[in-house]
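Me: I have a fold to read and would like to go through it feature by feature. Can we start from the overall content and work down to single contacts?

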Amino acid sequence: MSNAPHWLEVSITVDPELGEAVSEVLSRFVSGGVVVESAVRYNDAEDEGTPYGPVKVYGYLPIDEHIEETRQKVTEALWHLGQIQPLPEPSFRTIQDEDWMAAWKQHYRPIPVGERLLILPAWMAPNPGETRIPVKIDPSMAFGTGTHPTTQLCMAFLEDTVIPGKPVIDVGCGSGILSIGALKLGASHALGVDIDQASVISTRENAEANGVLERLEVGLGSVSEILAGNFSLTHAPLVLANILAPVIIRLFDAGLADLVSPGGTVILSGILDTQAPDVLLAAAQKGLKFVEQRQINDWVALRLIKPV
Ligand SMILES: C[S@@+](CC[C@H](N)C(=O)[O-])C[C@H]1O[C@@H](n2cnc3c(N)ncnc32)[C@H](O)[C@@H]1O
């Protein structure tokens, strides 16, 4: 194998809540997906570790005749993101061809969420004796790698709200992580929809990797398509929507609350704490009752019920 450098590693260190946005930008350019690394604190030898502090996002660009142009585009795309929230300059370094796969994978760590779930990169086996339920996700694909607080809040809520033997609807399924988590916690089947075709493909592939594909229906669409009867479910006792607050509010007008069976629960996430009152108001206007709010940094997730 040649000793010439074949890959340009780009890395940038940011606050945890910016990790997913930076990953999304890098993933438009890199080969093989992005890696998000965070420091882990252990309290004792038994401790499975808690991520803390800033995260470092890595991506790998193949070095070809367009590399300078690509590098410029990456820098510009990050600069644009930096106009919304300040970002440091990205770092670049060249990597030998034979090292890159190892370099890409070595940064991944399992992510414990809630009390019972463990998010694992697709190629990693759980440690022997691991008691948490593994949810395997290919981190190179759609939103929902498990690193973002909005996903983690939903995953933790799943443990209290999934009814074994009953179905789940996941609006904006991304990587499929919430549907797969719900199925692994005992949901009978799940319907995941997304307006992004790449997410539909990603959800299907991740479901297959987790052995739950036969219990998962996934399709292109949103609330209206579900209510129009395009899928096998039109409502469920648990509905999940981790989408940004303004989109959730619009989806209430499209009938989001109609997806929830009487007595059922809806989990809403992707909401900044300052936006929660508006989301709660839109939900109350559709007859949903607030039960609980959980928060990580500025992000909140809401649990509501539809009275019988
Ligand atoms: C923040 S990601 C959440 C992914 C995953 N459910 C999770 O919890 O990590 C939001 C997803 O919603 C999708 N989305 C955005 N607007 C939507 C809409 N109006 N209807 C359905 N999906 C939508 C996006 O394509 C994206 O995959």
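Predicted model: local features only at pLDDT ≥ 70, side-chain atom pairs only at ≥ 80, totals over all residues.

Me: How many helices and strands does the chain have?
Reply: There are 9 helices and 14 strands. The chain counts 308 residues, and 43% of them are buried.

Me: What share of the contacts with a separation of 6 or more joins residues 24 or more positions apart?
Reply: That share is 66%.

Me: Now the sheet. In which order do the strands of the open sheet lie?
Reply: General idea first. Strands of a sheet pair through backbone hydrogen bonds, and the pairing is either parallel or antiparallel. Here 7 strands form an open sheet, ordered S10-S9-S8-S11-S12-S14-S13. The pairing is mixed.

Me: Which strands stand at the edges?
Reply: S10 (216–220) and S13 (289–296) do. Each has a single partner strand, so one side of each is left without a neighbour in the sheet. Between neighbouring strands the average turn is 15 degrees, with direction ignored.

Me: Do S8 and S11 run parallel or antiparallel?
Reply: Parallel. Strand S8 (residues 168–171) is joined to strand S11 (residues 236–242) by 4 bridges.

Me: On to helix packing. At what angle do the axes of H1 and H2 cross?
Reply: Two packed helices are described by the angle between their axes and the distance between the axes. For H1 (residues 19–27) and H2 (residues 67–84), the axes cross at roughly 150 degrees and come within 10 Å. That angle makes H1 roughly antiparallel to H2, the cut-off being over 145 degrees. The crossing is right-handed.

Me: Which residues meet in the contact of H1 with H2?
Reply: H1 brings Ala21, Val22, Val25 and Leu26. H2 brings Val74, Ala77, Leu78 and Leu81. By class, the contact has 8 nonpolar residues, no polar and no charged.

Conventions. Residues numbered from 1 in each chain as written. Pairing = 2+ DSSP bridges. Helix = DSSP H or I, 4+ residues; strand = E, 2+ residues; numbered from the N terminus. Axes fitted to C-alpha atoms, helices over the stretch in contact; angles between N-to-C directions. Parallel < 35°, antiparallel > 145°, perpendicular 65-115°, else oblique. Left-handed = near helix turned anticlockwise from the far one by under 90°. Contact = placed C-beta atoms within 7 Å. Nonpolar A, V, L, I, M, F, W, Y, C, P; charged D, E, K, R; others polar. Buried ≥ 20, exposed ≤ 12 C-beta atoms within 10 Å, placed from the backbone.
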